[in-house]
Amino acid sequence: MKKVELLSPAGNMEKLKMVFRYGADAAYLGGKFFNLRALAGNFSNDEIIEAVNYAHSLGKKIYVTLNIIAHNNEIEKVADYAKFLESAGVDAVIVADLGVFKIVRDNTNLEINVSTQASNTNWMSVKVWKEMGAKRIILARELSLKEIREIRDKVPDVELEVFIHGAMCMSISGRCLLSNYLTGRDANRGACAQPCRWKYNLVEETRPGEYYPIFEDERGTFIMNSRDLCTIEFIDQILDTGIDSLKIEGRMKGIYYGAIVTKVYREAIDLYYSGNYKYKPEWMEYLNSVSNRKYTKGFYFGNPGVDGQNYDSSSYNKTHEIVAKSIGKSRDGKSILEIRSKISTGEEVEIIKPTGNPIKIIMPEMIKMRKGQEEKIIETANPNIIVKVDLDLEEMDILRKKI
């Protein structure tokens with residue numbers, strides 16, 4: 001049985017290394033051009049080469065997004081960039097625009113994955129893309145499990161990818177004009193201001209000149225604020241469809257999000273293929289610990305209706321925050337930590353590793369480091385400083401605490 005790919009987001013090199021450490025088989029990232037996360041850190045050309053070399057050294061893959069809806073002044077620049085990506089050794093590019101697709105296909109031998117932005121919701125469109133040379137189709141998020149199975153049955157000779165976790169866009173497969181009209185920032189060119197998350201006052205016209213406000217109660221007026229997708233409770237049913245790749249959204253999210261979400265789905269996938277699959281409630285506890293706008297099952301069981309929306313707020317929920325990341329060992333065998341959130345000696349924290357349950361500890365004495373040298377013992381550490389602690393940690397282990 002061919003094992004499904006777990007595909008995680010990488011907004012920069014640190015996030016890339018973290019998701020690979022926590023179980024991703026592949027990562028997708030954006031370069032400085034032609035991708036739908038214009039405000040993310042993104043990767044320079046040199047960083048793309050570094051990312052590819054790092055991934056391949058681990059036997060893993062890199063996909064680069066070329067998924068903007070291109071305008072005339074950009075289309076002629078695509079070929080040179082695609083040729084660079086081919087020379088860098090990327091494993092595939094993610095394309096939404098038909099013109100970009102043709103340019104990549106005609107000028108390189110790159111494998112092409114068709115973006116969810118292309119809104120493939122039926123087997124015939126999937127078949128056409130495949131016949132044009134697509135290696136993989138990333139299906140629209142508006143599909144049910146039944147529809148995915150039908151596409152798999154009708155087009156068995158193309159790879160299929162679906163989103164399993166992360167933010168959901170209010171518009172069909174993410175194609176939206178709200179941001180363009182309200183802020184001048186083009187969502188289809190990577191600069192969405194997310195106006196669907198804003199608070200609105202909705203009114204109903206009853207007769208000329210008079211308006212009656214509705215949704216003006218304790219729930220607020222967040223009429224377009226989708227909950228985040230979470231499929232962990234039925235991930236086995238998605239795997240049963242014969243899908244080839246499971247994709248986690250979140251190139252803009254932090255390293256804690258990437259690590260935890262990847263870790264959870266990695267464990268679930270491995271358990272599925274072991275033949276002893278059983279849902280574990282602690283998986284949802286992990287996923288509730290990262291920033292989320294409450295969770296929805298998306299369209300996997302049909303239209304989610306009101307259960308897919310947040311009407312009271314667009315704010316994030318989470319139960320934990322990252323305290324520190326282990327970045328190596330000192331000469332005396334102690335662990336060096338990069339502090340991410342304020343922490344004091346004596347506080348209870350948990351160590352998170354790629355496998356296994358959280359390990360509860362009391363934060364030990366911290367020695368502030370500066371340029372590799374011990375500076376002083378500190379009671380409280382603030383973000384962006386380096387400390388040494390008497391803990392046996394591996395590089396990229398995470399310390400977190402409840403909030």
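**Figure 1. Salt bridge between E14 and R340 in the predicted model.** At 26% relative accessibility, E14 counts as partly exposed, because the partly exposed class lies between the limits of under 20% for buried and over 50% for exposed. R340 has a relative accessibility of 26% and therefore counts as partly exposed. The closest N and O atoms of E14 and R340 are 2.2 Å apart. This pair links distant parts of the chain, with E14 in helix 1 (residues 13–21) and R340 in the loop between strand 14 (335–339) and strand 15 (343–344), 326 residues apart. Side chains of opposite charge can pair when their charged atoms come close. In total, the structure holds 33 salt bridges.

**Figure 2. Salt bridge between R136 and E159.** The two side chains meet at 2.9 Å, N to O. Distant parts of the chain are linked here: R136 belongs to strand 6 (residues 136–138) and E159 to strand 7 (residues 159–166), 23 residues apart. Both R136 and E159 are buried.

**Figure 3. Salt bridge between D397 and K353.** The closest N and O atoms of this pair are 2.4 Å apart. D397 lies in the loop between strand 21 and strand 22, whereas K353 lies in the loop between strand 16 and strand 17; the pair links distant parts of the chain, 44 residues apart. With 0% relative accessibility, D397 counts as buried. Elsewhere, salt bridges that share partners join K2, E5, K135, R136, R152, E159, E161, D244 and K247 into one network.

**Figure 4. Strand 16 and its paired strands.** Strand 16 (residues 348–352) is mostly covered, with 4 of its 5 residues buried. It is joined by 4 bridges to the antiparallel strand 17 (residues 359–362), where K360 is the bridge partner of E350. These two strands form a hairpin with 6 residues between them, and G356 in the turn has a positive phi of about 90°. Strand 16 is also joined by 3 bridges to the antiparallel strand 22 (residues 398–402), where L399 is the bridge partner of I351.

**Figure 5. The second largest pocket.** This pocket holds about 260 Å³ of space. Its lining comprises 18 residues, of which M168, C169, M170, F299 and Q309 lie nearest the centre. The lining residues divide into 6 nonpolar, 10 polar and 2 charged.

Notes
Residues numbered from 1 in each chain as written. Predicted model: local features only at pLDDT ≥ 70, side-chain atom pairs only at ≥ 80, totals over all residues. Heavy atoms only, no water. Buried < 20%, exposed > 50% of the residue type's maximum accessible area, 1.4 Å probe, protein only. Pairing = 2+ DSSP bridges. 1 Å grid on protein atoms, 1.4 Å probe; cavity = no way out; pocket = protein on both sides within 12 Å on 5 of 7 lines; lining within 4 Å. Points joined across faces, edges and corners; volume = space filled by probe spheres on them. Nonpolar A, V, L, I, M, F, W, Y, C, P; charged D, E, K, R; others polar. Salt bridge = Lys/Arg side-chain N within 4 Å of Asp/Glu carboxyl O.
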